[in-house]
Amino acid sequence: MTAEILCVGTELLMGQVLNTNAQYIARRLAALGVSIYHQQVVGDNEKRLEEAYRLALSRADVVITSGGLGPTVDDITKRTAAKLLGKELVLNPEADRMVRERFAQYHRKMMGNNQSQAMFTEDTQILLNPNGTAPGAIVPAGDGKVIIHLPGPPEELEPMFRDQVEPWIMARSGRVLVSRYIRIFGMGESEVDMRLKDLEVKDNPSLSPYCSLGEVMLRATAGADSTQAAEAMLEPLIEEIRSRLGKVIYEIREDDGGSLAHTAVRALREKGWTIATAESLTGGLIASTLVEVPGASSVVKGGFVTYQSISKTMLLDVPEETIETCNVVSAEVACAMARAAREKLQVDIAVSATGLAGPDGGTPERPVGTVFLGIATRETVYSIPLHLAGSRARIRTLTVKHALHAVTRETKGEREEV
């Protein structure tokens with residue numbers, strides 16, 4: 001099966017909105033074993049959209065659109081597809097009921113043009129939208145091909161794709177695909193590739209790397225006639241990856257979600273520990289990243305943002321002489337911050353961060369990117385020096401990731417080398 005992604009919206013074409021939908025759909029299709037050779041972005045122009053549909057249908061079995069399902073005159077995705085296929089749009093009772101229920105749920109008045117969101121061709125399979133007012137659709141396009149319409153907002157598109165489109169694709173493929181997502185921190189993409197390159201050239205099971213700032217994720221996928229058979233194919237591959245990469249693997253999941261923060265929260269919960277933060281250069285980002293995880297309230301007790309030296313002294317009792325003698329960016333100050341945060345909030349572990357995010361303020365002894373983390377538990381206090389580089393945002397983001405990783409390792413008794 002081949003698919004093509006067609007994202008509709010002038011705001012995407014002009015760069016006013018980041019096209020995260022194409023990335024999401026492409027990643028999910030790849031995980032399902034669906035081939036993707038082309039993507040298109042088209043503005044809200046009926047003629048050009050019709051040309052894009054023709055081209056996509058000429059080379060793909062499934063055309064997946066995002067956007068243009070709203071009630072306004074520039075929402076032309078369904079209308080243009082119906083015109084191309086020689087079909088009429090009619091009121092779909094199931095879609096109409098869903099739209100009306102959603103407006104009632106939102107306590108909003110349904111306008112006359114909102115009924116257009118319930119207009120589809122008679123042969124359409126409706127995709128219900130529990131998170132918005134625009135239903136999706138699977139529309140036959142002749143010769144066994146289909147057009148799948150999805151709404152534009154990611155919070156609507158992603159669950160609709162995951163819960164309704166993916167099962168439809170799997171039912172058509174007649175094959176079971178099982179994937180495992182291996183998340184890595186502490187080893188760069190090039191080194192991961194060097195260690196695993198002979199595994200990456202195999203077709204089934206396959207291994208594909210994806211990179212983000214400071215992290216690498218591997219997707220291992222096996223296809224077979226049954227889930228059990230596919231899982232059996234994956235087991236030796238996963239074990240081989242474990243043996244080659246070791247402790248830089250921080251999580252293996254059945255989906256491509258998760259993060260260092262999710263892993264840290266889960267590790268703290270399993271350990272029965274609570275945590276506090278004390279932050280300087282990150283300005284609360286460590287705490288904020290932790291509390292983005294659902295259920296973080298069971299482990300996160302609180303935190304301190306002590307951006308200036310005086311606030312470190314006033315809120316965390318860091319001695320002025322320590323700051324003057326050792327420098328505010330130092331192992332000693334990081335340890336003092338973590339120790340005080342743990343004691344003041346009576347937690348099992350505290351993590352601190354002090355450093356230079358730049359772009360100014362560096363010295364030959366302490367260049368921009370010099371960062372010290374502090375870890376304090378009931379038994380010990382120690383620091384972790386980091387030597388980071390790049391933009392201010394990059395340094396701060398990497399500091400957060402290192403801090404979360406250090407917390408996870410401490411809960412597992414795998415203390416960071418210092």
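This is a predicted model: local features need pLDDT of at least 70, side-chain atom pairs count only at pLDDT 80 or more; totals for chains, interfaces and linings use all residues.
Modeller: Residues are numbered from 1 along each chain as its sequence is written, and side-chain values use heavy atoms, with hydrogens and water left out.

Biologist: How many helices and strands are there in the protein chain, and what makes a run of residues a helix or a strand?

Modeller: Helices (H or I, at least four residues) and strands (E, at least two) are DSSP runs, numbered from the N terminus. By this rule the protein chain has 14 helices and 17 strands.

Biologist: What share of the residues count as buried, and what does buried mean?

Modeller: A residue is buried under 20% relative accessible area, exposed over 50% and partly exposed in between, with a 1.4 Å probe and protein chains only. Of the 418 residues of the protein chain, 50% count as buried.

Biologist: Why are β10 and β12 called edge strands?

Modeller: Two strands pair if DSSP finds at least two bridges between them. The open sheet of 4 strands has the order β10-β11-β9-β12, with antiparallel pairing. Strands β10 (206–212) and β12 (249–253) each have a single partner strand, so one side of each is left without a neighbour in the sheet.

Biologist: How do you know that β9 and β11 pair?

Modeller: Strand β9 (residues 176–185) and strand β11 (residues 215–224) are joined in the antiparallel sense over 10 bridges, and the definition asks for at least two. Valine 176 stands opposite alanine 224 in β11.

Biologist: What makes helix α7 a helix that packs on this sheet?

Modeller: Contact means heavy atoms within 4.5 Å. Helix α7 (residues 189–200) touches β9, β10 and β11. Its direction makes about 170 degrees with that of β10; axes are lines fitted to C-alpha atoms, for helices over the stretch in contact, and angles run from 0 to 180 degrees between N-to-C directions. Helix α9 (residues 260–271) packs on the sheet as well, touching β9, β11 and β12, at about 95 degrees to β12.

Biologist: Which strands stand at the edges of the sheet of 6 strands?

Modeller: That open sheet runs in the order β2-β1-β3-β8-β7-β6, with mixed pairing. Strands β2 (35–42) and β6 (125–127) are its edge strands, since each pairs on one side only. Within this sheet, β7 (residues 136–140) and β8 (residues 146–150) pair in the antiparallel sense over 4 bridges, and alanine 137 stands opposite histidine 149 in β8.
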